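Let's take a friendly tour of a protein fold, one topic at a time. Have a look at the structure below, then read on.

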Amino acid sequence: MSAFIYDAVRTPRGKARPDGGLAALKPQQLVSGLVRAMAERGADVSKPDALILGAVGQIGAQGGHIALISKFDAKLPDETAALSINNYCVSSLTAIGQAAAAVVSGQARSVLAGGVEMMSRVPFMADNADYYADASYDRRTRYIPVALAADRLAEDSGVSRAELDQAALASQQRTAAAEGTPLVASRIALGGLNQEECARPATSLDSLSALAPAFVALGDDYHDALGGRVIDHRHTVAHAPPMADGAALALIGAEDAPARARIVAWAESGGDPAQSLTAGFTAMQRVLDKARLRLADLDRIEFMEAFGVTIVKFMRDFKPDPAKVNVGGGHIAKGHPMGATGAMLVSSLLDALDACGGRYGLVVATGASGVGSAMIVERRRSPMAKKDTP
């Protein structure tokens, strides 16, 4: 038995501040808005067996079992099970993978899966977990903020400031060029927001090169966890995905006929917590092996820009065709609503495959402290895009 994606939709990303484009809404309202949009697009969301929702900050507005609250807000049947999960920034790709596993195993007929993050309401690290500052862990497993991990990885990997600037510019340019094209066909306007609010279309290499490294003070704060290492800080705010509000949702089921895509393979991986942002590469290799495919076999790739170093390292070390990667822009430009990120990439990937008439697509997501997830899909139909579009 296979698992299929009937539809996958996403919100635009709003700025994570009180006057952001989505900030007036509640997290569950983003989810229920996407459920309604799916129904309007023709998907049968009336009786899902489960709603699986990723969210990293499960406190405050996102506490109290956000999947269950979203189920109520979307007026899904009482019998629909609800599951809230936190797997850091790969949470919603994990949710889609778990939905596929439930379908393939026969435990579910159809599942809604995705994620939500309202960082205007629940800021980064708002749960104040003991782990973030617990010095009893050995240095290898001590928590290091992702920004520091990115700077350390850039230094260790020899990723230059010039390479980071080029990656940031490409993300902004492609995001701007995607507006008004089929590459945003499954992006659903909510709360009056109908575009990527965090994007900076006027970005230039001159403006990028003028910025100073942004995380020097953070290195001082985590001096002990870094073992006294003084990092050559390279990432600026322009190389970091902006904190954002957003949600994304996919409907997964076992019936082929109405599907937009088939899930070919899904893989998750842990990784060296000291390397932090490298587990996505391991998950990618695993999913390619499972699917018996090579990067060259893929028509489109959505690779999470978890700071500039990850996309630079991917392009340099694996040498994919640049014309196939993040064709509609990436997280550096659009923003990073943590628990929603993986599902947003899935929705973007289906739009990108539809736009080019491609067959196979890959999503790769990575997160802090060594978490990674990857998925390969095979496109089945393109209900809203023409083959000859960019």
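Two strands count as paired if DSSP finds at least two bridges between them. Helices (H or I, at least four residues) and strands (E, at least two) are DSSP runs, numbered from the N terminus. Keep in mind that this is a predicted model, where local features need pLDDT of at least 70, side-chain atom pairs count only at pLDDT 80 or more, and totals for chains, interfaces and linings use all residues. Residues are numbered from 1 along each chain as its sequence is written, and side-chain values use heavy atoms, with hydrogens and water left out.

**Strand β6 and its partners**

- Nine bridges join strand β5 (residues 110–118) to β6, and the two run antiparallel. Across this pairing, G115 sits opposite A248 of β6.
- Strand β1 (residues 3–10) also pairs with β6 in the antiparallel sense, this time over six bridges. Here D7 has L251 as its bridge partner in β6.
- Strand β2 (residues 14–15) joins in too, with two bridges to β6, again antiparallel. K15 stands opposite A244 in β6.

**Helix α1**

- Helix α1 (residues 27–40) has 14 residues and spans 20 Å from its first C-alpha to its last, close to the expected 20 Å. That expected span is 1.5 Å times one less than the number of residues.
- The rest of the structure largely encloses α1, because 10 of its 14 residues are buried. Among them are L30, V31, L34, V35 and M38.
- What covers those buried residues of α1? The cover includes β1, β3 (50–54), α2 (66–73), β5 and β6, with contact meaning heavy atoms within 4.5 Å.
- Just after α1, G42 takes a positive phi of about 105 degrees.

**Aromatic rings**

- The structure holds eight aromatic pairs. Rings of Phe, Tyr and Trp (its six-membered ring) pair if their centres lie within 6.5 Å; planes under 30 degrees apart count as stacked, over 60 as edge-to-face and the rest as tilted.
- One of the pairs is F281 with F303, which is tilted because the ring centres are 5.6 Å apart and the planes sit at 40 degrees. This pair links distant parts of the chain, with F281 in helix α8 (residues 279–291) and F303 in strand β8 (residues 300–303), 22 residues apart. Both F281 and F303 are buried.
- F303 also pairs with F314, and these rings are stacked, at 4.2 Å centre to centre with 5 degrees between the planes. F303 is in strand β8 and F314 in helix α9 (residues 308–318), so the pair ties together parts 11 residues apart in sequence. F314 is buried, as is F303.
- Elsewhere, Y131, Y132, Y137 and Y143 form one aromatic cluster.

**Two crossing helices**

- The axes of helix α3 (residues 91–104) and helix α11 (residues 341–356) come within 4 Å and cross at roughly 70 degrees.
- α3 and α11 are therefore roughly perpendicular; angles of 65 to 115 degrees count that way, under 35 as roughly parallel, over 145 as roughly antiparallel and the rest as oblique.
- Where they meet, S92, L93 and I96 in α3 face T341, G342, A343 and V346 in α11.

Terms used: Buried means under 20% relative accessible area, exposed over 50%, partly exposed in between (1.4 Å probe, protein chains only). Axes are lines fitted to C-alpha atoms, for helices over the stretch in contact, and angles run from 0 to 180 degrees between N-to-C directions.
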